[in-house]
Amino acid sequence: MEYKAYTSFDPDFLWGASTASFQVEGAAEEGGKGLSVIDVMPKNPAITDFSVAADHYHRIEEDVALMAELGLKVYRFSIAWTRIFPDGNGEVNEEGVAFYNRLINALIKHHIEPLVTIYHFDYPQSLVEQYGGWISRESIEDYRSYAAFLFKTYGDRVKYWLTINEQDHVVRIPSRLGLTGDDHYEQLRLGYQANHHMCVATALTIKTFHELGMKGKIGPAVSYSMVHPASSHPDDVLASKDAMLIKHNYLMDLHCYGEYSYSFQSYLEERDFMPAIEDGDLELMKQYPPTMLGVNYYFSEAVRAFPATEEFPIGYQKKSLLPEAEAGVFEVVKNENLAATDWGWEIDPVGLRLTLRELHERYKLPMIITENGIGAYDKLEEGDIVRDDYRISYLREHIKQVKLAINDGVTMLGYCAWSFMDVVSGRNGMEKRYGFVYINRADFDLKDMRRIKKDSFHWYQKVIASNGEDL
Ligand code: BGP
């Protein structure tokens, strides 16, 4: 729909940018920090690890000054669980507590709202060793009590909280659960049990949030994007609806309604994936839903029907990091209408508007974009120039669609680009950059780590200063 009159962004719209602890901080074994599943992951010799990252741990004052110069209204970052509790439970590490106090105080001093992700992939390795981590029910209380500690310690200054980042990815990427071995089926089965525990832990944490009388909002940061039908053939349309369910909506239905929908339950039962559920679990989720939603959006996908055959029976999944094909359900295909990034992620700004509308219609929660951006091979030119016009154009087109979604009636609290500065990409090391600020290091050569403002920095500065009018 096109509009004659456009609503502008609210004057208190939160313009922001994001990072995550393990990708930005470095100092992986300093300051009393315990090991996380990320630190013990087998190293990929082709790409950089996370041990130094962007060295943010040693440079927060300098980095926050750059955030202030950019004009950020909000900065989304995650707390490394093992900086606070090196073993995931038990003894508190005061040095870690002090580090985040310094960061939060520096942000407040510059009038930047902190948006805190309680846990973003870097799960304590010790909890995996103690009882298997998220696949055990014991994980629920440890997460809740870690979150409660954060509320009590930082809640006087932090109003916006994200519970778990991209739970769906944690469930499907075995190393993020601390699982080893190569039994794909068993890992998936355990993944659904872990998923259930994470949902109960989220609801209990939201309950604690209310009981402590915390002001502000709380909810998960979900990876959610449209899955388009590859054609108007009804079988493809059905495949897209089913893919939306088993990729995204199953989780949102649990968080918001405490419900394994009938069709998702059938899907799980047919594959023998149904997790153990205790009495009261679903009621608890129903009673304590999120009060806001963080949305991570990079690309959309297109799917066609993938009928089960003798060769590909029900239960067959095409092996990839995230599901690309499921016999009897869907198969991801190239969308010929869209351009893609160098890593094949299809660029779909209108898909963002559709995503926000879909979420609004289904769950009616205020939302904040917690990640949106383009990974690229940025080039540092002489004179400290990075001409990232492709990034400007990607962000501009997506922000326009956020504005249109607001015109569609969606409640948006803010927009955080991924990422504030270059961080180590979750899957592709340092060669895939997302930031407004260039970090002068390569995959294996740390160089001088100096911070350099890219062209997109100056562009976003104007966007924020004009409250989204000057795009
Ligand atoms: C999301 C994660 C982020 C970030 C981003 C980009 O899944 O929440 O931590 O890494 O994806 O992904 P990548 O770095 O793999 O390109």
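**Briefing: ligand site, sheet and backbone features**

In the ligand site, an N or O atom in the side chain of Tyr434 lies 2.5 Å from an oxygen atom of the ligand. The protein covers 99% of the 380 Å² of accessible area that the ligand has on its own (areas come from the Shrake-Rupley method with a 1.4 Å probe). This is a predicted model, in which local features need pLDDT of at least 70 and side-chain atom pairs count only at pLDDT 80 or more, while totals for chains, interfaces and linings use all residues. Residues are numbered from 1 along each chain as its sequence is written, and side-chain values use heavy atoms, with hydrogens and water left out.

**The ligand and its surroundings**

- The ligand is surrounded by 16 residues, and the closest are Gln23, Glu166, Gly426, Lys432 and Tyr434 (a residue is near a molecule if one of its heavy atoms lies within 4 Å of it).
- This shell divides into 5 nonpolar, 7 polar and 4 charged residues; Ala, Val, Leu, Ile, Met, Phe, Trp, Tyr, Cys and Pro count as nonpolar, Asp, Glu, Lys and Arg as charged, and the others, Gly among them, as polar.
- An N or O atom in the side chain of Lys432 is 2.6 Å from an oxygen atom of the ligand.
- For Gln23, a polar side-chain atom lies 2.7 Å from an oxygen atom of the ligand.

**The open sheet**

- An open sheet is formed by 4 strands in the order β6-β8-β10-β9, with mixed pairing (strands are DSSP runs of E, at least two residues, and helices are runs of H or I, at least four residues, numbered from the N terminus; two strands pair if DSSP finds at least two bridges between them).
- Because β6 (227–229) and β9 (325–326) stand at the edges with a single partner strand each, one side of each is left without a neighbour in the sheet.
- Strands of a sheet pair through backbone hydrogen bonds, either parallel or antiparallel.
- β6 and β8 pair in the parallel sense over 3 bridges, and the bridge partner of Val227 in β8 is Glu301.
- Strand β8 (residues 301–304) pairs with strand β10 (residues 330–333) in the antiparallel sense over 3 bridges; Arg304 has Glu331 as its bridge partner in β10.

**Backbone features in loops**

- The peptide bond from Trp418 to Ser419 is cis, with omega near 5°; Ser419 is found in the loop between β12 (412–418) and β13 (437–439).
- Ala27 is not a glycine, yet has a positive phi of about 50°; the place of Ala27 is in the loop between α1 (21–24) and α2 (60–70).

Methods:
Polar contact = N/O pair within 3.5 Å; in protein donor to acceptor, adjacent residues only side chain to side chain.
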